[in-house]
Amino acid sequence: MSHIDSITTGTSVLVMAEGDDVAVALRDLQPEETLPVGDGLLTVTTLIPSGHKIALTDLDVGATVHKYGQSIGVATAPISRGEQVHSHNIGMDLAARTHEFGTVHTELPVPTARRTFDGYRRADGRAGTRNYIAILTTVNCSGTTAKLIADRFRGGALDGFENVDGVIALTHQSGCGLVLESEGAQVLLRTLNGYASHPNIAGVLMLSLGCEMTPTSLVLAEGALPSDTVVESLSIQETGGMRNTVAAGVEKILALAEQINNRHREPIDISELVLGLNCGGSDGYSGITANPALGWASDVLVAHGGTSVLAETPEIYGAEHLLTARATTPAVGHKLIDRIDWWETYIHANGGTMDNNPSPGNKAGGISTILEKSLGAVAKAGHADLAAVYEYAEPIDTRGLGFMDTPGYDPVSVTGLVAGGATVVVFTTGRGSVFGCKPTPSIKVGTNTELFLRQGDDIDIDAGRIADGNATVDEVGAEILEMIIAVASGTQTVSEEFDVGQEEFVPWHIGAVT
């Protein structure tokens, strides 16, 4: 796959790789315009919106259409040079992909100087970037009570606890009416345990109803939490109902705050960071600007000995061969293929196909097929070798680049990454997103400057400057890395300033409810 370093100011179209059949419009192109492309001229025959694709050659029905040097689909109608290429004339390429394992290795540059962030060292050796108290619910039935308790700590209620970042109620839609031995129940328990033991959470109030199928004892299994995580528990039924439980919960939270307020930040090598990579509301610029820039930052973190984890299995579908080729061992590559196979079966059983993704918003932004979307999404992972593949919410325990099997739905995907141990998330968006997550800060990177100007209060970094010709991928990547370090040290993201992130705790729900 190509790596776009810089774009000359005033460039109208961008060819991503030699031999591509399409180019990306970097502005709205009008019919009858003549554009310089390569050594020749290209006449535009139809309106091409910014971020969408223009044909560089005539294509017959059934012809493979290439972008990024890879297939993004096949022509479903005759396509003329200069015409728009989109979902009206391109469809899914069903040809089987060839998977190689461990054939591509990138030697990342060795850092000349060590970098540190100011974080919280936990008793199990891990490093946190925040110091939260979490009200963790065992079942949906205790969700409202948890939120009532957390609401008491909004505003200035924690002004006397300068080292406590907040109180969050982590509620969900499950916890009962399920078989404990089922895959769905095990995913839920793994997620809850991942949050309870998370290095960004120093205090936990476990809140149950009292008769659910996921008891507190399974979430707080012996030895599962760091020894310095302070834990309290309440049962609504045993405490005497909601009103009594809210009052008791407020007292317990105050006691937890007293204990964890004496935790202080200290310099920690950035090799201790665990970075979650995610995207939402992608557009035609995602694979050109924000995602490659994030890939640059990810590579530098990995070169420092840190950990970076890609996710969203349905959104790397069709590009997974680029990852298997980078696998450090055949077993790592085959585990990724196993997850792809699982998804194909899962989607088929539910009456869909993998090309149900992209979304209407993705298509409005210029993405035509899941293959095109996936090729742009994989750019977030940079060029590092793939060292590990994780199931949803599985503990992230291998340094380097990893992949976690999650859905593409943003809150569910990031919930899995955080449960696995991600301490910072970078989230790229082209259509616009107000996403945030707690207890892990989420840095949002916009793919185009128009989005940043329109929705700048929700975006931390404008990567659209790459397409505008005002910055290179490396320059924006370096900016992302600096913000990762600053945010890990306590600087708030825009979503944190808006207090966004509590409602975005959404564990993946799999299986039947009885």
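Modeller: A helix here is a DSSP run of H or I with at least four residues, a strand is a run of E with at least two, and both are numbered from the N terminus. By that naming, Pro-439 sits in the loop between strand S21 (424-429) and strand S22 (442-446).

Colleague: What kind of peptide bond joins Lys-438 and Pro-439?

Modeller: The bond between Lys-438 and Pro-439 is cis, with an omega of about 15°. This is a predicted model, in which local features need pLDDT of at least 70, side-chain atom pairs count only at pLDDT 80 or more, and totals for chains, interfaces and linings use all residues. Residues are numbered from 1 along each chain as its sequence is written, and side-chain values use heavy atoms, with hydrogens and water left out.

Colleague: What makes Glu-312 worth a remark?

Modeller: Glu-312 has a positive phi of about 70°, although it is not a glycine. Glu-312 belongs to the loop between strand S18 (307-310) and helix H7 (320-324).

Colleague: Why are H1 and H5 called oblique?

Modeller: Helix H1 (residues 143-151) and helix H5 (residues 242-260) pack at about 45°, and their axes are 9 Å apart. Under 35 degrees is roughly parallel, over 145 roughly antiparallel, 65 to 115 roughly perpendicular, and the rest oblique. H1 and H5 are therefore oblique to each other. Their crossing is right-handed.

Colleague: Which residues of H1 and H5 meet?

Modeller: Thr-144, Thr-145, Leu-148 and Ile-149 of H1 touch residues of H5 including Met-242, Val-246, Val-250 and Ile-253 (contact means heavy atoms within 4.5 Å).

Colleague: What makes up the contact of H6 with H13, by class?

Modeller: Eleven nonpolar residues, one polar and one charged take part in the contact of H6 with H13. Among them are Pro-292, Trp-296 and Val-300 in H6, and Val-473, Asp-474 and Leu-481 in H13.

Colleague: Why is one space called a cavity and another a pocket?

Modeller: On a 1 Å grid over the protein atoms alone, a 1.4 Å probe fits in a cavity but cannot get out, while a pocket is an open set of points with protein on both sides within 12 Å along at least five of seven lines; lining residues have an atom within 4 Å of a point. By this rule there is one cavity of 30 Å³ or more.

Colleague: Which residues line the largest cavity?

Modeller: Among them are Lys-67, Tyr-68, Asp-283, Ile-367 and Glu-372. Helix H10 (residues 370-377) gives the largest share of this lining, four residues. The largest cavity holds about 50 Å³ of space, and its lining has three nonpolar, four polar and four charged residues.

Colleague: What surrounds the largest pocket?

Modeller: The largest pocket has a volume of about 490 Å³. Of its 25 lining residues, Tyr-132, Asp-165, Gly-166, Lys-438 and Asp-499 lie nearest its centre. Strand S13 (166-170) and helix H14 (494-497) are the elements that give two or more residues to this lining, and S13 gives the most, with three residues. The lining has nine nonpolar, six polar and ten charged residues.

How values were computed
Axes fitted to C-alpha atoms, helices over the stretch in contact; angles between N-to-C directions. Left-handed = near helix turned anticlockwise from the far one by under 90°. Points joined across faces, edges and corners; volume = space filled by probe spheres on them. Nonpolar A, V, L, I, M, F, W, Y, C, P; charged D, E, K, R; others polar.
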